[in-house]
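Please look over the structure shown below before reading on.

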Amino acid sequence: MRFRRRTRWVKSITVAGAALLVAGPFVPAAQAQQQGGKVLRVALVQEIDHLNPFLASFASSTMVGRMTWEFLTLPSAEDNTPAPGLAESWSTSPDKLTWTYKIRDGVKWSDGQPVTAKDAAYTFTRIMTDENAQEANGTYVENFDSVTAPDDHTLVIRTKAPQASMTALDVPIVPEHIWSHQAAMSDPVTDSVPVVGVGDGPFLISEYRPNELVRLKANPDYWRGRAKIDELQFISYKNSEAAVNALKNNEVDFVNRLTSTQFDTLKNAPGIATNQAGGRRYRELMINHGAQLLSRQPIGDGNPVLKDVRVRQAIARALDPQTLVDKVLGGYGQPGGGIVPASFPAYHWDPPASARYAFDPAAANAQLDQAGYPRGNDGIRVGPDGKPIELRLLGRASEDFAQRASDYVVSWLGAVGIRVTKQLVSDNEVDQRTNEGNYDLAFSGWGTSPDPDYILSKQTCAALPTVPGSSSSTAFFCDADFDRLYAAESTEFDPGQRANLVKQAQARYYDQVPSVVLDYDNVLEAYRSDNFASFTKQPANTGQIMEQSGYWGFYGATPAGGGANGSGGLSPGAWIGIAAGVVVVLAIGGTAAGRRRKSADDQE
Amino acid sequence: MTNAVSTAAAELDEPRRGTGTARFLLGKLGGAAGSLLLVVALGFLLFRMIPGDPVTTLTRDRPTSPDQLAQLRARLGVDKPLYQQFLDYLSGLLHGDLGTSYGYNRPVSALIGERLGPTLLLVGTATVLAVALGLWLGVRAAWRRGSPFDRTQTGIALTLWSMPQFWLGLLLLIATQGAFPSGGMRSPATPPEFLPQLLDVAHHLVLPCVTLLAVIYAQYMLVMRSSLLGEMNADYLTTARAKGLREDLVRRRHAVPNALLPTVTLVFLQFGLVVSGTVTVETVFSWPGLGLLTYEALRVPDLPLLQGVFVVMAGSVIVMNLIAEVLYRVLDPRVRAQ
């Protein structure tokens, strides 16, 4: 009896389980049908730390913020030049210290209150006066003396020194009537919808489930006009393969940060379109030419031979970035020049043919011969101390690029008589050793913004570390000529003149070779073309859609001609999968039941 | 509480079994407390050996001035001497404060609490199913040792046991062709009512749970199988059969309970590991659990978060171990007699 009862129990559980598995898929499928192409589902492969715009520092968090709060000015979708946001227009005083912004009339917060210059003044003042509000955007106000709003439509910012990047303040303007009630920035309530849900951008945050989802609704009263989609969802995926799978299965509409292999397979997938865009990062080979502290005290254990600029130039001539792009990056990159990537054409500098370090081992050899580094008996060149020149090449073991490119670098430099040993270690160890100057050569790379000021500032003497390991300099570069050009650039308000100075500064960097800019990686993205016809790219035609400087990409999302989201979710393959699942469950259940009956018969 | 037990035990001279139990319990509790202390100290030192500067990692690719960096260092407390950091950490722990995460700028206990639920759901479900399946198959396999059933089941279990979870998970994801969600715990489009949410979570749970189950059930099966094989020729089974009991009852009432002991230890040890989750499966299926949090914290390195997670994980293993030892005594009179 006991036996029988248990069998029935097992059976009912099996049936319930099977029902659950089969019924489960119908729920989202039915929902998907209701969405009707008006919901844009974006896979987010990076974490969100905060929605609170004063604390949000991860790239994905700032991206969500960009959708929600309007900026004073922002880089345009066409060419990244400053475009009006909340500020309709702006002007500077003759002494270049006072900036006056005219704030747009008629813009409303999503709770109905008007957006005024006082909100902007509050936002900047809060960052200047509240130490805990400086986490995300503290740098932008460092040079601010005062920020005031004489009336609702006028914002006046006084700076301590002239600053050219005042039309590139990447600071979201928040409503004073909400945030003035938030005394403590660290309070978790500042990440909740009642606080961050009040905005004036194209989309408004309506739901936040940490580690799972951020849901945004289109702002019906957005001053540029309502978005063409109703809802924008950022869905967390911790694994890019899973995100790609979700795109193929029509569970998401948009995926970025693809690898070249993933990109190639998606290129030919039905219902999916790909976007290969010029990137905003430069990849470099750092050369330790004498790491030092701000006090000019040398640190680290870099090979002294690298202090000779002729050796660094010879190394640059011995490398072939085009081969790295073709063989290692699958062609998805652009060989480098200056440290401002080609995606920012106004400030990008490309070396002229006469100054370029073209791949030329013979020329590199000749330069090293001339500089007085003869080859020893084993073919390795000998330094002034009589020792053979041996360099360590540091790279991230986790990174495909470092693993494969390091072999090329070893053989290229070997051909000009420099022995290189690979040291592929953990990300943290690479960071630590490069910060402390304990390397000879190292693979690295940095992201840049539309305004070149920040990335140039990291190459100045002022960025050198005060104590070992605390560097904010990217390559320990410290050069009087460069510093002079940087200082001139950062206070030059004429766009043409400024661009010229920025390019000269890059030329100086290129000439001194503290690092070799290898390439600008492409940004690889893919989306469901059966659900969405187009997005706005930045810059126009060639740029990226996600993680722009601004909200243009998703704001400009255009649903495909009246089509529902993938006609409601489940592909034929999904149905086959469900059927197979049901068959398996029934088979297991049936076998178990049959066997039990048999054994019971045997024994009675 | 423990004090009361010990004085009560000391006063009673006569019933020696009670004294033994109290001494046993006290000893075990003391041992557990000692282990926990070691874990706390070890957790502090271990993660400080990871190379890398949290401040540099956190500020990479975002505009920060040298002044800001110094300010951040001071706020995080990483500029203090090591012994001072350790003392701060200890005094925090005594007040039940696990510290504040560097990366998330939030209390570690809140972060862990947020992630604990999903991990318990996933790993707990998979472990319970794995125990049930493993024990059931183990008993069947041992009872008919050498049969085709035994050989195929042992073969399958061992094959699955040796598969990398990551690979198996991705394989399942691709093979099911979208019948199950590619990741996450809930779909954004599911209505907020209870039943649809429940179905949705169950639907999302299937693939990660099956992946985990497939890889871990083998250990229960093999331990149960070998343990039962040890009992197969025991005299008491002959006696039971001689009494005229059905084969099924002989197995269930006599053989299995005696063979269960080593398995109980294993099961409780595994329950202790439930909290730590499983980094690989959580990563493949974007399950918002604790394993993933650890992985992300390691990259910074987010020292307070790592320490907190380490203490919670190790603590749960210690507690489960303690329960297993006590339960063992209850289950097996032979242990009690010693």
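Predicted model: local features only at pLDDT ≥ 70, side-chain atom pairs only at ≥ 80, totals over all residues.

## The interface of chain A and chain B

The size of an interface is often given as the accessible area lost when the parts come together. For chain A and chain B this buried area is about 5800 Å², and 50% of it lies on carbon and sulfur atoms. Chain A brings 72 residues to the contact, while chain B brings 71 residues.

Between chain A and chain B there are 2 salt bridges, and one of them joins R186(B) to E212(A), with the closest N and O atoms 3.0 Å apart. On the side of chain A that touches chain B, helix 19 (residues 572-603) of chain A gives the most, with 7 residues. Sorted by class, that side of chain A has 23 nonpolar, 30 polar and 19 charged residues.

## Helix 4 of chain A

Helix 4 of chain A runs over residues 117-129, and its 13 residues reach 18 Å from the first C-alpha to the last, which is close to the 18 Å expected at 1.5 Å a residue. The N-terminal end of this helix is capped by T116(A), which has a side-chain oxygen 3.1 Å from the backbone nitrogen of K118(A).

Several residues of helix 4 of chain A are buried, among them A117(A), Y122(A), F124(A) and I127(A). The elements that cover the buried residues of this helix include strand 5 (98-103), strand 6 (144-151) and helix 6 (176-179) of chain A.

## S549 of chain A

S549(A) sits in the loop that lies between strand 20 (532-534) and helix 18 (552-555) of chain A. Is S549(A) buried or exposed? Its relative accessible area is 9%, and because buried means under 20%, S549(A) counts as buried.

The side chain of S549(A) makes a polar contact of 2.6 Å with the side chain of R280(A). Once neighbours within four places in sequence are left aside, the residues in contact with S549(A) are R66(A), P75(A), R280(A), P450(A) and Q538(A).

## V274 of chain B

V274(B) belongs to helix 11 (residues 247-274) of chain B, and with a relative accessibility of 6% V274(B) is buried. Leaving aside neighbours within four places in sequence, V274(B) is in contact with T119(B), L120(B), V123(B), G124(B) and T127(B). V274(B) and L199(B), by comparison, are 75 residues apart in sequence and 23 Å apart in space, C-alpha to C-alpha.

Methods. Residues numbered from 1 in each chain as written. Chains lettered and ligands numbered in written order. Heavy atoms only, no water. Helix = DSSP H or I, 4+ residues; strand = E, 2+ residues; numbered from the N terminus. Buried < 20%, exposed > 50% of the residue type's maximum accessible area, 1.4 Å probe, protein only. Polar contact = N/O pair within 3.5 Å; in protein donor to acceptor, adjacent residues only side chain to side chain. Contact = heavy atoms within 4.5 Å. Buried area = accessible area lost by both parts, 1.4 Å probe. Salt bridge = Lys/Arg side-chain N within 4 Å of Asp/Glu carboxyl O. Nonpolar A, V, L, I, M, F, W, Y, C, P; charged D, E, K, R; others polar. Expected span 1.5 Å × (residues − 1).
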